[in-house]
Amino acid sequence: MDISSLPDGFRWGVATSAYQIEGAVDADGRTPSIWDTFCKVPGAIDNGDTGDVACDHYRRMPSDVALIKELGLDTYRFSVAWPRVQPHGKGPVNPAGIGFYDRLVDELLAHDIDPWVTLYHWDLPQELEDAGGWPLRDTAYRFADYAMLVFDALSDRVDTWTTLNEPWCSAMLGYAYGAHAPGRREYPAAIAAVHHLLLGHGLATLRMREAAPRKIDIGITINAATAYPASDDPVDIEAARRADGMGRRLYLDPIEFGRYPADVIADLALEGVELPVLQGDLAVISTPIDVLGINYYFSQKFTGYTEDGRTTDDAGLPITRTIPLGKPCTAMNWEIVPEGFTDLLLTITREYPGLPLVITENGSAFHDVPDDHGYVNDQDRIAYFTTHLTAVATAIAQGADIRGYLAWSLLDNFEWSYGYTKRFGLIRVDYETQARIPKASALYLRDLAQRQRGR
Ligand code: GBH
């Protein structure tokens, strides 16, 4: 199987998110998001980095769009910063804030690039976190109201809408593990956040659907991977089941089937927590979507045993522990597992038949070494793209309905808790000068997309 077998009309694009590239955090009435606040917590971010300047994309937007055009890509997935558009998390639209995205959409269309809007890529207005954040049910309703402000402004020109990026990260990294904003470590709150994120997705989907001026594609993007059991031992198989349940099925089952997976509910009950579901919520959450976005980076292997052979921890809860597959790693220390991508796409195809998929993120950080001109000959990243695009082609050949591939990311950018130390860009950013220099991988994807279209 090879990349040249990807279907006609396959989308080729690139993705970014607002806080990771825009900078200009005080411009035009923007208020702080939870990420502005979290970046000021000592030790939260490597180097004490912040998104204050980032790639200065807010001011360099037209030339950044021109770069996408130079790469010959047809789709650009970006996110809208809630605190720009609705600075207090409620109330009317901020004209200056939405104005930026209005100009961005026009700029993309003028270059024949399809805009793909993500409404929420983790930058909750701080005022809403102060009121309780995603563990609070009201935040779901606030999100739907915000979504409609953006939809009313842009749906005359934008055909494809994503509600949330990776709700697992918002809920678990943000409220359970404290690794992402708002940095809370409160397990029951995280589980409440899971449900309220999904409810917000459903409410926004319903309202956008009702207001749609024409055929519009609405979906959600999840992060997902294959959870391999370390062996045939039922204890390891159970560990992999738990990991897959908490990471993937907890999000996709309610959206596709209108119910939470019974095994995951039982796992949560064992931990003493419960999803705060009210009557009617699951009908809202399962409002049909048109496209499911998949973000894939790597897969992992799971065992149900501790290193010294126990199957429960001190609290008597079952062990779910990752062990290395023994593959080479990227600069994130993530193992490179393209077959986990194929397996994931086929699993989703089997479990949720008929749902069109788009790869909304896939990419890698490596230790880029620029030459004297700032050029990076990133053969490692090219190899990652090749093997992962081949994994996509393999899944398609085996029946998966995958409509496109959006690489992460257009630019090197603010990699959340890792700050600027990790570079995922197709284009190198020199943060001193804000110079942009396409890497070898950018030219590789450009040529690939061009060849595919020209067949
Ligand atoms: C994406 O998150 C983000 O959407 C994007 O903003 C970010 O820049 C990009 O990836 C690169 O990181 O080992 O418990 O964390 C991906 C986040 C990281 C979530 C790997 C799932 C595996 C489980 N994913 N993680 S864990």
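**Ligand surroundings and a hairpin in a predicted model**

Of the 17 residues around the ligand, Gln 20, His 121, Glu 166, Glu 415 and Trp 416 come nearest. The model is predicted.

Colleague: Which residues does UniProt list under "binding site"?

Modeller: The feature comes from an unreviewed UniProt entry. That entry places "binding site" at Gln 20, His 121, Asn 165, Tyr 297, Trp 408, Glu 415 and Trp 416.

Colleague: Is Asn 165 buried or exposed?

Modeller: Asn 165 is found in strand 4, residues 160-165. Leaving out residues up to four places away in sequence, Asn 165 touches residues including Arg 77, Tyr 120, His 121, Asn 295 and Glu 361. Buried means under 20% relative accessible area. Asn 165 has a relative accessible area of 1%, so it is buried.

Colleague: How far is a polar side-chain atom of Asn 165 from an oxygen atom of the ligand?

Modeller: The cut-off for a polar contact is a pair of N or O atoms within 3.5 Å. For Asn 165 and an oxygen atom of the ligand, the distance is 3.0 Å.

Colleague: What part of the ligand does the protein bury?

Modeller: An oxygen atom of the ligand lies 3.2 Å from an N or O atom in the side chain of Tyr 297. For the side chain of Glu 361, an N or O atom is 2.9 Å from a ligand oxygen atom. Taken alone, the ligand exposes 580 Å², and the part of that buried by the protein is 80%.

Colleague: Why does Trp 416 count as buried?

Modeller: Trp 416 is found in the loop between strand 11 (402-408) and strand 12. Among the residues it touches, not counting those up to four places away in sequence, are Tyr 19, Trp 35, Ile 45, Trp 122 and His 180. Buried means under 20% relative accessible area. Trp 416 counts as buried because its relative accessibility is 4%.

Colleague: In strand 13, what is the bridge partner of Val 429?

Modeller: Strand 12 (residues 427-430) pairs with strand 13 (residues 435-438) in the antiparallel sense, over four bridges. The two strands form a hairpin with four residues between them, and Gln 434 in the turn has a positive phi of about 65°. Across the pair, the bridge partner of Val 429 is Arg 436.

Technical notes. Residues numbered from 1 in each chain as written. Predicted model: local features only at pLDDT ≥ 70, side-chain atom pairs only at ≥ 80, totals over all residues. Heavy atoms only, no water. Pairing = 2+ DSSP bridges. UniProt positions renumbered as here; feature names shortened; annotations may be inferred. Buried < 20%, exposed > 50% of the residue type's maximum accessible area, 1.4 Å probe, protein only. Contact = heavy atoms within 4.5 Å. Near = heavy atom within 4 Å. Polar contact = N/O pair within 3.5 Å; in protein donor to acceptor, adjacent residues only side chain to side chain. Areas by Shrake-Rupley, 256 points an atom, 1.4 Å probe, with all protein chains shown as cover.
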